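Work through the exercises below with the coordinates open. Each task is followed by a solution in steps.

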Amino acid sequence: MGGGKKVKGKASLASATVGMGKKVSAKDSVKDDQVQEQQGERGEGIMGYFWDLASLSDEVRMKAATELISRLTTSQKEFSNKGEDGLCPDMEYSLSRLVRGVGSGRQAARQGFSVVLTEILRFMDATPEFILQRMDKNLRIPRSAKKMEQRDILYGRLFALASLIRSGCLMKGINASKEEENTDKSAKKKARKKTKKEKEPSSKYAIVTDVAQRLLDIAKSRSFLRSSAANIILDLVNVCDTETFIKAILPVYSSIAFGITSSYEMEHEDLINENNEKELPTKRAKQTVHAEEDAGDNDDDDDD
């Protein structure tokens, strides 16, 4: 046709233009199609695990968790063996999906997703910053959100922070930097002189301070979350060494210590007053006894 030349579908793609005149070859088009097919197959396969993670059956949930962790471990190893750095696409997708899933109120999703998230963070090189970024993206509360939706998202934030802390992921960076410092004491002394300000909590311990503040914000947001948030705060304190606690955590919570005491006294004012009234007669009796004893001693002195 048209001068005896037949134009095939693939050949016509070679001269196709996209956007600002950029040409897409037939080879590139076929490659893109293959990549999309692989991504589709991968997504469909992984999605099955996520569905089962929300099952009310402990057996189904644990099986899905075990198989998903095994698959992700294999994918990450294959990715690293190719000389690639960072997380493989399967791992990045799964971490994002797990963070979003802990904010779901569907069946047992929160329990199943948090278990897998904790285990993956335990042995993978995902950074705390990566998880916090995913939280900010996937666990935001829309303005139009209803109370139940807000509740699920707040619980999701709480569970995601708990996984970050309990997996040991939060302290990996700080512990690694301390090990490096301990290997060369002389270099550490020089670093203190040259970059003294860079070692302050605003940089080195910023991520821990951020997590501590997030937990405090959740505790303040809803009264029914305070107990759970307090338990996770205790977990945070337990995984931190003394230096990290003093520089990163204590400044966040010390400012509310007086407020907590005052709040307790206001809520239990009647009980406190009642206890004081009960103690008063005892104190007065003791004072009377002491006064009588002193008077008796004085009388003896006069007799002498």
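Predicted model: local features only at pLDDT ≥ 70, side-chain atom pairs only at ≥ 80, totals over all residues.

**Exercise 1.** Determine how helix 7 and helix 11 are oriented to each other, and which residues make the contact.

Solution. 
- Step 1. The axes of helix 7 (residues 147–166) and helix 11 (residues 226–239) come within 10 Å and cross at roughly 20°.
- Step 2. Angles under 35 degrees count as roughly parallel, and helix 7 and helix 11 are therefore roughly parallel to each other.
- Step 3. Helix 7 contributes L158, A162, I165 and R166 to the contact, and helix 11 contributes S228, A229, I232, D235, L236 and V239.
- Step 4. Sorted by class, this contact of helix 7 with helix 11 has 7 nonpolar, 1 polar and 2 charged residues.

**Exercise 2.** Repeat the analysis for helix 7 and helix 10.

Solution. 
- Step 1. Helix 7 and helix 10 (residues 206–221) pack at about 150°, and their axes are 11 Å apart.
- Step 2. An angle over 145 degrees counts as roughly antiparallel, so helix 7 is roughly antiparallel to helix 10.
- Step 3. The crossing of helix 7 with helix 10 is left-handed.
- Step 4. The contact joins L154, R157, L158, L161, L164 and I165 of helix 7 to V211, R214, L215, I218 and S221 of helix 10.

Notes:
Residues numbered from 1 in each chain as written. Heavy atoms only, no water. Axes fitted to C-alpha atoms, helices over the stretch in contact; angles between N-to-C directions. Helix = DSSP H or I, 4+ residues; strand = E, 2+ residues; numbered from the N terminus. Parallel < 35°, antiparallel > 145°, perpendicular 65-115°, else oblique. Contact = heavy atoms within 4.5 Å. Nonpolar A, V, L, I, M, F, W, Y, C, P; charged D, E, K, R; others polar. Left-handed = near helix turned anticlockwise from the far one by under 90°.
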